[in-house]
Amino acid sequence: MVLYLTEADVNELVGMPDALTAVRAVTKAHGLGRAANQPRQRVTVGDVTLCVMGGAWTDGEVLGTKTYVTGAGARFWVQLFDAKGNLLALLEGDRLGQLRTGAATGVAAEALARNDSRTLAVLGTGYQAWTQVEAVLAVRPVQRVKVWSRTRSRAAQFAARVKEAFGVIVEAMPDAQAAVDGADMVVTVTASAEPVLHGEWLASG
């Protein structure tokens, strides 16, 4: 019998600690050649694009796909198969994707950021930003978060949410450079077609 999990189920059953554990394990497996990742493939009909991603994890003896169609009311789906090709589960994949994306940043921060990193700059406050902050705060002793968005009101709203949820000092900054100035870590989470971060802004380390 195939397991079906809704967004509500996923939200209830999986949290950021679980996502960090899973992404940490599969990232290591990928580096050792025991996992494979298929980059996003796209096919388009008219104004609608179907996006498909796939992966396999030898250690876990599982394979999976994530599919979604762009446009209004986009839905995300994850299919999980065992090593014999049997469908194990069908999951609504919106929340799962947010957790996985945030966890990937958290694992990167563990590997790349200094252990004493205490100030985080976040450039962008949209769809994926929340779990980015959640993941980094889970792996580094962050005391201050500096937020910038192209829309100042959204930056202020996001900053207030982060402060309430995590109890750290949070500031909405007037521009991206001001957010980056003095930051130990910088997360860019924006679909901007123009560069929002310049290398010369970054402090050593």
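This is a predicted model: local features need pLDDT of at least 70, side-chain atom pairs count only at pLDDT 80 or more; totals for chains, interfaces and linings use all residues.
View 1. Leaving aside residues up to four places away in sequence, Gln98 touches Tyr127, Gln128 and Thr131.

**View 2. The largest pocket and its lining.** Rolling a probe the size of a water molecule over the atoms shows where empty space is left. The largest pocket holds about 1500 Å³ of space, and 48 residues line this pocket. Val23, Val26, Asn37, Leu96 and Arg100 are the lining residues that lie nearest its centre. Helix H3, which runs over residues 94–112, supplies the largest share of the lining, namely nine residues. When the residues of the lining are sorted by kind, 28 are nonpolar, 14 are polar and six are charged.

**View 3. Gly54 in strand S3.** Gly54 is found in strand S3, which covers residues 48–57. With a relative accessibility of 18%, Gly54 counts as buried, because the cut-off for this word is under 20% relative accessible area. Not counting residues up to four places away in sequence, Gly54 touches Ala36, Asn37, Gln38, Gly64 and Thr65; one of these, Asn37, is also among the residues that lie nearest the centre of the largest pocket. Gly54 and Leu80 are 26 residues apart in sequence, and their C-alpha atoms are 9.9 Å apart in space.

**View 4. Strand S10 and its partner S7.** In a regular strand the side chains alternate between the two faces of the sheet. Strand S10, made of residues 185–188, has a covered face with Met185 and Val187, and an uncovered face with Val186 and Thr188. This strand pairs with S7, residues 119–123, in the parallel sense over four bridges. Val186 in S10 is the bridge partner of Ala121.

**View 5. The whole chain as a setting for the close-ups.** The chain contains six helices and ten strands, and its C-alpha trace spans about 50 × 40 × 30 Å along the principal axes. For 205 residues, a compact globule would have a radius of gyration near 17 Å, and the chain, with 18 Å, agrees with this. Buried residues make up 37% of the 205 residues. Among the contacts in the chain with a separation of 6 or more, 57% are between residues 24 or more positions apart.

Technical notes: Residues are numbered from 1 along each chain as its sequence is written. Side-chain values use heavy atoms; hydrogens and water are left out. On a 1 Å grid over the protein atoms alone, a cavity is a set of points where a 1.4 Å probe fits but cannot get out, and a pocket is an open set with protein on both sides within 12 Å along at least five of seven lines; lining residues have an atom within 4 Å of a point. Grid points are joined across faces, edges and corners, and a volume is the space filled by probe spheres set on the points. Helices (H or I, at least four residues) and strands (E, at least two) are DSSP runs, numbered from the N terminus. Ala, Val, Leu, Ile, Met, Phe, Trp, Tyr, Cys and Pro count as nonpolar, Asp, Glu, Lys and Arg as charged, and the others, Gly among them, as polar. Buried means under 20% relative accessible area, exposed over 50%, partly exposed in between (1.4 Å probe, protein chains only). Two strands pair if DSSP finds at least two bridges between them. The radius of gyration is taken over C-alpha atoms; the globule rule is 2.2 Å times the number of residues to the power 0.38. Contact means heavy atoms within 4.5 Å.
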